[in-house]
Amino acid sequence: MADPVNLLNLDRGSMQAFFEDMGEKPFRATQIVKWIHQLGVTDFDAMTNLSKLLRSSLPERAEIRLPVITHTQTSVDGTQKWLMQLDATGNCVETVFIPEENRGTLCISSQVGCPLDCRFCATAKQGFNRNLSTAEIIAQLWLAMDQLHQFRDKQHRITNVVMMGMGEPLLNFDNVLPALRLMTDDQAYGLAKRRVTVSTAGVVPGIDRLAQSCNVALAVSLHAANDEIRDRIVPINRKYPLAELLAACKRYAKIQGGESITFEYVMLNGVNDDTAQARQLVRLLADIPAKINLIPFNPFPGAEFHCPDRNRIDAFRDILVKGGFVTTTRKTRGDDIAAACGQLVGQVRARAQRHQPEKVTH
Ligand code: SAH
């Protein structure tokens, strides 16, 4: 007999197809999506509005299999980080919850390691092993909610999801998309599209596919205002240079009806942080609805960069603000537990050969 289907891999459309295939009515899909994702129930026997017959026959064809949380860390600032073990071979990813005054953001991983090799990122240093399945992506939200549920207060509510953990989400498009659909499905997590953000280092075809299929909020890891520097620190720029990337951003913004795109810019001392580059950035983004998010570089063991001092970051920001851009400097959260941007290192079973940017597939 075929292996049971892990129902966490299915968005509502695929769930309907699954039940029709079993000879059941399509509304069963909505019922079970609600049980799993809204009510956090994984035991078929507890799904009381399913017929007894269905409840007893489901385990032969289906299962609800979650990763296992092997470590939990809580920062002094309330940030929480979970290490999730995905499979028996030991592949792990990290997921981070960041509570703020008016929102709670969950930062989700999409790959075990990352193939893109951005020079300033700890995840890159561990190489790439594999894509996460849809189940493994959405399970991070399921498990985080389950963990935070015990507190039953506003400070522990997940209101936003960002695909800014480990990996490049647009290089795992086919598995990320159903997870995004579940996040934004009213019968599942019901998050507004602008509260779900996909962050990309610049996978241009993926940006266009996302625009066509599920135009959630887009963040682009820009990090440089010219190709010379970007080629060096974000190697995928050699495949999709700035002109192509920004053209894709414009198409995305147009399809989205003018919502801003967030441009992330990691501040690296002496590399991309002088005022001339801030002015170049203002010109570069002049005709794109853009918000800019400056990220002070977060160090990790063996890193070849340093964070500029506060004055330098502020001077850079002031030029962007004067240039007309809403610009924020990201607060570093959870750095005492290595949960800040670029510090995530899960566990990669076998250090696979890193793809060269030229060979990146999508
Ligand atoms: N691959 C995707 C999503 C993961 S990264 C992307 O590149 O957008 C999440 C953000 O953290 C990206 O903007 C990334 O460039 C940034 N980042 C990576 N390493 C960092 C570090 N050491 N300090 C600060 N930000 C970092």
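In this predicted model, an oxygen atom of the ligand is 2.6 Å from an N or O atom in the side chain of S221. The protein covers 96% of the 530 Å² of accessible area that the ligand has on its own. Around the ligand there are 20 residues, and the closest are F120, S199, S221, H223 and N298.

| Residue | Atom of the residue | Atom of the ligand | Distance |
|---|---|---|---|
| S221 | side-chain N or O | oxygen | 2.6 Å |

The division of the chain may be considered next. Domain 1 covers residues 5–63, and domain 2 covers residues 68–337. The C-alpha centres of domain 1 and domain 2 are 32 Å apart. Between the two domains, 15 residues of domain 1 are in contact with 14 residues of domain 2.

A hairpin is formed by strand 3 and strand 4, with five residues between the strands. Strand 3 comprises residues 68–74 and strand 4 comprises residues 80–85; they pair in the antiparallel sense over six bridges. Within this pairing, T74 stands opposite Q80 of strand 4.

Finally, the confidence of the prediction should be noted. The mean pLDDT of the chain is 93, and 95% of the residues reach 70 or more. Over residues 350–362, however, the pLDDT is below 50, although this stretch has 30 contacts in the model beyond near neighbours in sequence. Where pLDDT is low, the predicted coordinates should not be read in detail.

Notes
Residues are numbered from 1 along each chain as its sequence is written. This is a predicted model: local features need pLDDT of at least 70, side-chain atom pairs count only at pLDDT 80 or more; totals for chains, interfaces and linings use all residues. Side-chain values use heavy atoms; hydrogens and water are left out. pLDDT is the predictor's confidence in each residue, from 0 to 100. Contact means heavy atoms within 4.5 Å. Two strands pair if DSSP finds at least two bridges between them. Helices (H or I, at least four residues) and strands (E, at least two) are DSSP runs, numbered from the N terminus. A residue is near a molecule or strand if one of its heavy atoms lies within 4 Å of it. A polar contact is a pair of N or O atoms within 3.5 Å; within protein, one must be able to donate a hydrogen and the other to accept it, and residues adjacent in sequence count only if both atoms are side-chain atoms. Accessible areas come from the Shrake-Rupley method with a 1.4 Å probe; for residues, only the protein chains shown count as cover. Domain bounds come from an automatic or database domain assignment.
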